[in-house]
Amino acid sequence: MKNFPQALKDLGQHFLNCPKVIKSITEDFHEEASGILEVGPGPGVLTEFLAKHELPIHVVEKDPRFPPYIAPHIGEGAITLADALKVDLNQIIDHSKLGSKVWLVSNLPYNVSVPLLRRFMDIHSIQMMTLMFQREVANKAFAIDTPKKKSMNSLMALCQSYFDLTVNCHVPPGSFTPPPKVDSTVLSFTRKRETFLPLDQLGSLEKFLRQCFQFKRKTLVKNLGNIMKRDQLLPFFDEQGLSPLIRAEALTLEQIQSLYLFYQKGLTP
């Protein structure tokens with residue numbers, strides 16, 4: 001491990017030190033991408049290898065200690081020192097001329113992994129993503145531990161409505177310095193060419209899903225009680241052959257999507 005600054009706990013920093021994992025991440029989508037956006041590169045452990053693909057590349061890093069470690073690989077002009085949750089990523093992509101098939105790479109800080117993922121999903125030019133998650137969060141997005149018996153949740157429904165997901169690799173704590181207290185998983189995301197809903201309605205879908213899954217132990221009818229009455233939902237249950245006592249977690253992705261369209265139709269005058 002190179003002589004990097006100390007990882008800061010409040011920023012959720014853990015530096016990869018496993019060559020096998022680094023290779024698996026940095027080789028993921030290099031043949032399909034028009035450019036690379038890396039978020040949270042830290043001291044450039046991944047950046048060094050991403051730069052070797054000779055694609056347009058830009059990184060966004062919050063910690064001011066790290067640009068001197070990153071610059072030798074990509075140049076100072078390819079570094080934006082900012083919080084990825086606040087900076088205009090669309091503007092960075094356009095200014096850096098990363099193209100229309102951007103590959104986003106990030107060893108996500110676990111405390112903000114879902115908010116960052118949500119931001120990335122909104123940007124259409126980000127067509128591919130290779131993202132590191134705490135295994136528990138990865139399991140919510142893709143059901144990696146129980147692939148044959150998936151229990152639906154809002155994050156899974158949102159992600160899989162717009163992306164195809166696969167497991168890139170599993171990462172034990174010892175693959176980091178310092179080692180985290182949890183296992184990690186890298187997921188590969190490929191944006192779907194055709195979706196049941198335009199991207200500009202992603203926010204509306206997200207709000208609906210939160211309502212569906214608001215209380216895990218309550219039925220779908222009760223969770224949707226303040227936006228849809230029971231009598232309004234009954235035709236949907238009849239059409240799908242579902243019990244009115246069903247919980248949202250028991251629905252398939254296709255049923256969740258159909259329910260949202262049914263809800264939207266009911267809002268149309």
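Phe236 is buried, because its relative accessible area is 1%, and buried here stands for under 20% relative accessible area, with exposed meaning over 50% and partly exposed lying in between (1.4 Å probe, protein chains only). Phe237 is buried as well, with a relative accessible area of 2%. The model is a predicted one, in which local features need pLDDT of at least 70 and side-chain atom pairs count only at pLDDT 80 or more, while totals for chains, interfaces and linings use all residues. Residues are numbered from 1 along each chain as its sequence is written, and side-chain values use heavy atoms, with hydrogens and water left out.

Strand β2 (residues 35–39) is joined to β5 by 5 bridges, and the two run parallel, with Glu38 standing opposite Val105 of β5. Strand β6 (residues 126–134) also runs parallel to β5 and is joined to it by 6 bridges, and Met129 in β6 is the bridge partner of Leu104. Together with helix α5 (residues 113–121), β5 and β6 make a right-handed β-α-β unit, right-handed meaning that, with the strands pointing away from the viewer, the path from the first strand over the helix to the second runs clockwise.

The aromatic rings come next. Rings of Phe, Tyr and Trp (its six-membered ring) pair if their centres lie within 6.5 Å, and planes under 30 degrees apart count as stacked, over 60 as edge-to-face and the rest as tilted. By this rule the count comes to 11 aromatic pairs. One of them is the edge-to-face pair of Phe15 and Phe66, at 5.7 Å centre to centre and 85° between the planes. Phe15 lies in strand β1 (residues 15–16) and Phe66 in the loop between β3 (57–61) and α3 (67–74), so this pair ties together parts that are 51 residues apart in sequence. Both Phe15 and Phe66 are buried. The rings of Phe236 and Phe237 have their centres 6.1 Å apart and their planes at 65°, so this pair is edge-to-face.

Technical notes:
Pairing = 2+ DSSP bridges. Helix = DSSP H or I, 4+ residues; strand = E, 2+ residues; numbered from the N terminus.
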